[in-house]
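Open the structure in your viewer and get ready to select residues by number. This tour goes from ring to ring.

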Amino acid sequence: MTYRLLWADDEIELLNAHIIFLQNKGYEVATVTNGPDAIEACRKEQFDLVLLDENMPGLTGLETLTVIKEIRPTMPVVMVTKSEEEDIMEQAIGSKIADYLIKPVNPNQILLTLKKNIHHKEIVAEKANNAYQQNFGKLSMLMNDANSIEEWQEVYKKIVYWELQLESADTQMHEMLKSQKEEANNLFGKFIRKNYLEWLSSSREERPMMSHDIFREKIFPLADKKEKLFFIIIDNFRYDQWKVLAEEIGKDFDIEEELYTSILPTATQYARNAIFSGLMPSQIKEMFPDLWVDEEEEEGKNLNEEALIETQIARYRRKESFSYGKVLTSAMADRYLDTINNLSKNDINVLVINFIDMLSHARTESMMVRELAANEAAYRSITLSWIRHSAIKRLFRYLADNKYTVVITTDHGSIQVENPVKIVGDKNTNTNLRYKLGKSLNCNSKDVFEIKEPAKAFLPTPNISTTYMFATGDRFFAYPNNYNYYVSYYKDTFQHGGISMEEMIIPLVTLKPKGNL
């Protein structure tokens with residue numbers, strides 16, 4: 001591919017050696033000697049980069065730059081100037097120059113700025129390609145040897161790292177990484193089937209941190225330090241989404257990042273209620289029957305969260321005052337921010353943010369949203385855009401400015417499902433695609449985790465013969481009736497409730513305002 005450059009300089013004849021150098025490197029170079037001609041050239045043609053002299057007679061370089069940016073907003077312009085005056089540099093940077101060079105320039109300086117501004121993606125892609133290929137075998141070995149939740153957390157961290165690296169590099173390695181992640185999730189499913197019930201019968205020291213441990217192990221110790229505290233639960237929030245959010249809010253906070261393990265099912269009714277109550281689902285139902293809603297009941301499954309927090313604080317004989325809020329829309333977020341000063345008197349402020357979960361459901365139901373969030377990279381991008389352009393960004397800025405310690409977590413993540421698994425159940429079987437509970441479940445697949453004795457998993461049993469089945473990897477349950485329609489409708493949607501790294505290995509992050517350690 002040949003790249004086209006425009007060089008505008010009133011002494012262009014003195015730069016002939018530089019132009020020949022660039023032509024020998026494979027660039028086509030068009031030249032003009034003044035601002036109006038540079039503007040006219042940009043009207044007629046899209047250049048890959050413009051080299052623009054700042055000090056030209058008539059229309060100055062800065063004036064020319066302003067017009068070029070109106071015509072070609074995305075075209076990179078490199079300012080070439082004899083002056084190092086701060087005011088000129090600030091004006092140029094404010095006009096969104098790609099780079100600037102101080103005269104006299106040498107050919108290698110020009111070549112470097114071309115690499116930075118034209119070839120950056122190609123260079124990054126090549127480096128990312130090579131690095132991932134070199135680490136492919138190491139990652140495979142790490143996956144096959146993983147025998148603890150800590151080792152699986154490391155596997156998932158590395159997979160997310162490479163997803164983000166290869167995404168920004170726009171390389172051809174995505175399919176290879178996707179296959180490697182599918183293999184990792186299959187192995188992770190076997191690991192969970194082998195260990196999950198054993199964890200729940202073990203002491204805390206012998207199992208990973210799980211949903212019902214969060215308040216006791218993270219929130220209460222911070223409250224003991226009398227820190228101003230916000231606990232934010234972003235529903236359906238994956239680790240990869242956290243990594244892009246971290247880049248956006250990281251300049252305001254020092255970040256301490258952990259991962260923990262969601263209980264099963266990885267669904268709000270179970271996992272978030274476990275967080276707020278400090279209990280497993282069957283324990284909630286037994287101790288606080290008025291606060292638990294069974295699957296077959298039509299009542300909302302997460303309407304008692306504030307009451308569950310209250311029971312946990314009382315059960316541990318703690319005295320903290322707390323607030324509970326939930327944000328579903330931008331308007332609700334604005335209203336929450338309008339009253340946030342009133343929350344400073346509380347020891348703990350709890351906020352549930354539902355945007356990502358709403359996005360996941362909207363993506364299933366709307367073809368337009370499905371197109372906008374066509375894959376995981378787009379899903380992350382929409383998450384980042386939401387943070388940047390919603391009241392939530394202002395919320396984090398407020399919390400940093402007012403010296404709050406912030407704990408961010410989620411109840412579960414989600415996975416993009418691909419492979420249907422046929423299942424048969426009675427009419428009372430629940431509708432979730434990633435887990436089923438019922439009296440007469442029948443599924444021939446070996447790729448599910450069946451719990452025949454729900455009490456061992458601390459799960460409610462609406463009927464004496466209730467069993468639970470969980471889909472693993474990127475599988476989802478489908479009934480034989482109207483099977484093809486059902487599969488085509490739900491294939492490639494983001495779902496939760498089952499067993500995958502994305503759903504179960506989730507972020508638990510503590511943010512300390514800069515300078516407040």
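What follows is a short walk through aromatic rings in a predicted model.

Start with the whole structure. A search finds 26 aromatic pairs in it. We visit some of them up close.

Select Tyr 132 and Phe 136. Their ring centres lie 6.0 Å apart and their planes meet at 90 degrees, so this pair is edge-to-face. The cut-off for that label is over 60 degrees. Tyr 132 is buried, at 0% relative accessible area. Phe 136 is partly exposed, at 30%.

Next, select Trp 152 and Phe 188. Here the ring centres are 5.6 Å apart and the planes are at 70 degrees, so this pair is edge-to-face too. Trp 152 sits in helix H7 (residues 149-169) and Phe 188 in helix H8 (residues 174-200), so the pair ties together parts 36 residues apart in sequence. Check the surface again. Trp 152 is buried, with a relative accessible area of 1%. Phe 188 is buried as well, at 0%.

Now pick a group. Select Tyr 270, Trp 292, Tyr 435, Phe 449, Tyr 468 and Phe 470. Together they form one aromatic cluster.

Finish with charges over rings. Select Lys 228 and Tyr 404. Lys 228 lies over the face of Tyr 404, 4.6 Å from the ring centre. Then select Lys 422 and Tyr 483. The charged end of Lys 422 sits over the ring of Tyr 483, at 4.7 Å from its centre.

Key: Residues numbered from 1 in each chain as written. Predicted model: local features only at pLDDT ≥ 70, side-chain atom pairs only at ≥ 80, totals over all residues. Heavy atoms only, no water. Phe/Tyr/Trp six-rings, centres within 6.5 Å; stacked < 30°, edge-to-face > 60°. Buried < 20%, exposed > 50% of the residue type's maximum accessible area, 1.4 Å probe, protein only. Helix = DSSP H or I, 4+ residues; strand = E, 2+ residues; numbered from the N terminus. Lys NZ or Arg CZ within 6 Å of the ring centre and 35° of its normal.
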